[in-house]
Amino acid sequence: MTITLCSELLTVQIDTLGAQLISIRTRTGTELLWQAGPAVWGRHAPLLFPIIGRLRDGRYTVAGREYAISQHGFARDSAFSVICQSESAVTLQLEENVDTLEKYPFSFRLRVTYTLEGGTLTKSHTVLNRSAETMYYEVGGHDGFRLALLPGESREDYFIQFPGQSAILPMGMDEHNFLTEGGRPFPLEGDRLPMPLSVFGLDTVVLKDLPVRRVTLANRRNPIRLTLIFDDFDYLGLWTKPVTPSAPYVCIEPWSTLPECAFTDSALEHKPGIRALAPGQAETLTYQTIVEGI
């Protein structure tokens, strides 16, 4: 089922399958979100839970017991129920079931709330531990934004701004695309990272310890700017599927936790940034997408 939220500036659509954002349209009808081109990348903005990324052999352990789970976890392919809805907000919910317990040994409640106010879309993730033991989890976004909004534009017209920074330091990757501590600084053009991302030679640009948890996607040909503010998330991923020629979109991904690292073992408890909730405890992690220049 598709949920539609409206403001005076934007119309936003969310699919209850995966609680996935599937459209952000301006009042003039310009689509800002990647439209899941199946020949390139068939998703829009999947929700990552309870893990982020791909694991070695698709497996991890909790308290020494091994579990198998697919890349980015099961939430992105799960049916969410609608808890409450208005013209400008919706809350969707997922709880454990027989299938999830085979992949992830915790009883949980995940509520995802989208709130639209003017040009600002706020996405909140509230996770509740319904288990009798400490629950470990990861959560993140994977939002794909178009890089050719208007006729005559190309992806090379676009850039990502890192306020106050003259360089970034992506984490390294080994031959299996697992993260390493090593990485080389990449100078920015002022505070701008040009597109496409293929210049890095990395599957994903993964950043930690950003001094300001805010980035802006903009271009040289029109005034539309998309700013993501992710104060509750310690890490940021930037990704475009490696195809030739480069696809006209970029994913900007706030993450609570790092994906699989070459320097850690398979224990979920040991993942850098892993979230831990005591029995009955809940927490909310939020990020905002602000659209300007429309």
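The charged end of Arg192 sits over the ring of Phe159, 4.0 Å from the ring centre. Arg56 lies over the face of Phe178, at 5.5 Å from that ring's centre. The criterion: NZ of Lys or CZ of Arg within 6 Å of the ring centre and within 35 degrees of the ring normal.

This is a predicted model: local features need pLDDT of at least 70, side-chain atom pairs count only at pLDDT 80 or more, and totals for chains, interfaces and linings use all residues. Residues are numbered from 1 along each chain as its sequence is written, and side-chain values use heavy atoms, with hydrogens and water left out.

**Aromatic pairs**

The structure holds 14 aromatic pairs. Rings of Phe, Tyr and Trp (its six-membered ring) pair if their centres lie within 6.5 Å; planes under 30 degrees apart are stacked, over 60 edge-to-face, the rest tilted. Two of the pairs are tabulated.

| Pair | Centre to centre | Angle between planes | Class |
|---|---|---|---|
| Trp41 and Tyr249 | 5.5 Å | 10 degrees | stacked |
| Phe49 and Tyr137 | 6.0 Å | 50 degrees | tilted |

Trp41 lies in the loop between β3 (20-26) and β4 (59-62), and Tyr249 in strand β22 (residues 249-255), so their pair ties together parts 208 residues apart in sequence. Strands are DSSP runs (E, at least two residues), numbered from the N terminus. Trp41 is buried, with a relative accessible area of 10%. Tyr249 is buried too, at 0%. Buried means under 20% relative accessible area (1.4 Å probe, protein chains only).

Phe49 is in the loop between β3 and β4, and Tyr137 in strand β10 (residues 135-137); this pair links parts 88 residues apart. Phe49 and Tyr137 are both buried.

**Pockets**

The largest pocket has a volume of about 360 Å³. A pocket is an open set of points on a 1 Å grid over the protein atoms alone, where a 1.4 Å probe fits, with protein on both sides within 12 Å along at least five of seven lines; lining residues have an atom within 4 Å of a point. The volume is the space filled by probe spheres set on the points, which are joined across faces, edges and corners.

The largest pocket is lined by 21 residues; Gly53, Gln71, His72, Asp203 and Thr204 lie nearest its centre. Its lining divides into nine nonpolar, six polar and six charged residues. Here Ala, Val, Leu, Ile, Met, Phe, Trp, Tyr, Cys and Pro count as nonpolar, Asp, Glu, Lys and Arg as charged, and the others as polar.

The second largest pocket has a volume of about 200 Å³. Of its 15 lining residues, Leu197, Ser198, Leu202, Thr240 and Pro242 are the closest to its centre. Its lining has eight nonpolar, five polar and two charged residues.

Key:
Helices (H or I, at least four residues) and strands (E, at least two) are DSSP runs, numbered from the N terminus. Buried means under 20% relative accessible area, exposed over 50%, partly exposed in between (1.4 Å probe, protein chains only).
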